[in-house]
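Reader: I have a model open and want to learn how to read it. Where do we begin?

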Amino acid sequence: MSHSDQLFARAAEHIPGGVNSPVRAFAGVGGTPRFIRSAQGAWITDEDGQRYIDYVGSWGPMILGHQHPNVIAALQDQLTRGVSFGAPTAGEIEMAELVCELLPAMDSVRMVNSGTEATMTALRLARGITGRDAIVKFAGCYHGHADSLLVNAGSGALTLGVPSSPGVPADLAQHTLTLDYNDSAAVEALFAERGQDIAAIIVEPVAGNMNCVLPQPGFLQTLRKVCDDSGALLIFDEVMTGFRVALGGAQAHFGITPDLTTLGKIIGGGLPVGALGGKRDYMNALAPVGSVYQAGTLSGNPLAMQAGLATLHYLREHQPHAALAATTQRLVEGIAAAAEKTGLNCPAVNVGGMFGVYPGHVSAPTNLDEVKRGDVALYQRFFHAMLDRGVYLAPSAFEAGFVSLAHTDADIDATLAAAAESFMAIQAS
Ligand code: PMP
């Protein structure tokens, strides 16, 4: 029995399912989750001493790689001064100034502790500002686990087959209107009928919670237009895409300005953080200026601010996104080519350092139905074949992968060699 096996059995005694977030349980791929002891650069090491090239990166935050010296130094410095005060700190101002500089759609930002809090607050704010209740989301998009958003959700909810969670009152869920991602005609039709009831559209501008689905040309533009025409707010959930697909996030990459933006992951450099922001007029509807209530004991936590600031400063200074995109493109093209050599199809996509691989699909999906038509069992086999060869991919066919700046050419080469062997092993079995 491996140490991970033993730990998983022990964890299950006092932690539901042995994990503190569902996808970690390997429910999407079967087998025992690896318990991680340490990480360095692009590599993670499990409790059995096995090393893996990491394409999860803590689900996105570790864009600089694990244990980046700037982040560690910033944390060590903060540790000498205290870890939490529940009072304002200069680091929060520095964070707000930097985020507003990098994302021109924002001139005011509120820090929270997770992506879930960010999206939950953004919806409350949009409802408070517009005085409307309905919201629009897209099937397969995941925006955290607030009640209104666990309706046709992606990520672990999708992996576990509970996209609309029990425990969400039907009275609340009825205000969440779900459409297919990339279906501009359906968006227009819904707004023609109910535009005046809708407080907001919330969307992942690149969908990373049903594998990785790109917005088709015109889709995000349509969302912007129907919101402008109806007075609904457009919320870009950039928890995953922010500072990743471009320094200015998906809104810079695609040239669309949302009304509100939610952030998480990279903005905390690996510590628990989320944020929401937008124009001052909107943000001033939040307490203590306005009456839409939101608060947080640990919000703007000094350690999280310093880890996030060190990460964002590095990204602003080095502007590594073109190089990161090139590395990621080499990875996904290499995986697709390795599959083809063995007669398997494996379309693969990337936007910047975020990617999706689809073993067994004919072409890259554009919405959840197409994603679900894939061969999940084949993904599971590919996942385990790669894991056995020291490559740690997302343990679910419904999650995006992430490349960091610490992934070297040699790491990519090793990954592609593992992919070639994995596809051959799958074909042979
Ligand atoms: N929005 C998106 C787009 C996400 O990917 C996630 C988490 N993967 C969330 C919101 C929720 O963030 P958290 O897990 O920090 O609550």
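Author: With a term. Two strands pair if DSSP finds at least two bridges between them. Keep in mind that this model is predicted.

Reader: What order do the strands of the three-stranded open sheet take?

Author: The general idea is brief. Strands of a sheet pair through backbone hydrogen bonds, either parallel or antiparallel. In this structure, the open sheet of three strands runs β11-β12-β14, and the pairing is antiparallel. β11 (348-351) and β14 (401-402) are the edge strands, each pairing on one side only.

Reader: How many bridges join β11 and β12?

Author: Four bridges, in the antiparallel sense, link β11 to strand β12 (residues 354-357). Two of the facing pairs can be checked by name. Ala 348 is opposite Val 357 in β12. Asn 350 is opposite Phe 355 in β12.

Reader: And how many bridges join β12 and β14?

Author: Two bridges, again antiparallel. Look for Met 354: its bridge partner in β14 is Phe 402.

Reader: Are the faces of β12 covered or open?

Author: Burial here is a count. A residue is buried if 20 or more other C-beta atoms lie within 10 Å of its own. Both faces of β12 are covered. On one side, Met 354 and Gly 356 are buried; on the other, Phe 355 and Val 357 are buried.

Reader: Which residue has a positive phi in the hairpin of β11 and β12?

Author: Gly 352, with phi near 55 degrees. The hairpin has two residues between its strands.

Reader: Which residues other than glycine should I check for backbone angles?

Author: The rule first. Most residues other than glycine have a negative phi, and most peptide bonds are trans. Now the exceptions here. Ser 58 has a positive phi, near 60 degrees. Ser 58 sits in the loop between β3 (51-54) and α2 (69-79). Ser 155 also has a positive phi, of about 55 degrees, and lies in helix α5.

Reader: Why does Ser 155 count as buried?

Author: Because it has 26 C-beta neighbours inside 10 Å. Ser 58 is partly exposed, because 19 other C-beta atoms lie within 10 Å.

Reader: Which peptide bond is cis?

Author: The bond from Ala 287 to Pro 288, with omega near 10 degrees. Pro 288 is in the loop between α10 (280-283) and α11 (302-318).

Reader: Back to helix α5. Is Thr 159 buried or exposed?

Author: Thr 159 lies in helix α5 (residues 155-159). Thr 159 is buried, because 25 other C-beta atoms lie within 10 Å. Leaving out residues up to four places away in sequence, Thr 159 touches Val 23, Ala 27, Gly 28, Ser 396 and Phe 398. For a distance check, take Thr 159 and Asn 301: 142 residues apart in sequence and 32 Å apart in space, C-alpha to C-alpha.

Reader: Where does Arg 110 lie?

Author: In strand β4 (residues 108-112). Arg 110 is buried, because 24 other C-beta atoms lie within 10 Å. Beyond four places in sequence, its contacts include Ala 275, Leu 276, Gly 277 and Met 283. Arg 110 and Gln 50 are 60 residues apart in sequence, yet 40 Å apart in space, C-alpha to C-alpha.

Reader: Which residues come nearest to the ligand?

Author: Ser 114, Gly 115, Thr 116, Gly 144 and Val 239, out of 17 residues around the ligand. Helix α4 (residues 115-130) gives the most to this shell, with three residues. The shell divides into four nonpolar, 11 polar and two charged residues.

Reader: Which lysine does UniProt list as a modified residue?

Author: Lys 265, as N6-(pyridoxal phosphate)lysine, in an unreviewed UniProt entry. Lys 265 is in the loop between β9 (260-264) and β10 (274-278). Lys 265 is buried, because 28 other C-beta atoms lie within 10 Å. Not counting residues up to four places away in sequence, Lys 265 touches Trp 59, Gly 60, Pro 61, Val 239 and Met 240. Val 239 is also among the residues nearest the ligand.

Reader: What confidence does the predictor report?

Author: A caution first. Where pLDDT is low, the predicted coordinates should not be read in detail. In this structure, the protein averages a pLDDT of 97, and 100% of the residues score at least 70. For the complex, the predictor gives an ipTM of 0.99 and a pTM of 0.98.

Note on methods. Residues numbered from 1 in each chain as written. Predicted model: local features only at pLDDT ≥ 70, side-chain atom pairs only at ≥ 80, totals over all residues. pLDDT = per-residue confidence, 0-100. UniProt positions renumbered as here; feature names shortened; annotations may be inferred. Buried ≥ 20, exposed ≤ 12 C-beta atoms within 10 Å, placed from the backbone. Contact = placed C-beta atoms within 7 Å. Near = placed C-beta within 6 Å. Nonpolar A, V, L, I, M, F, W, Y, C, P; charged D, E, K, R; others polar.
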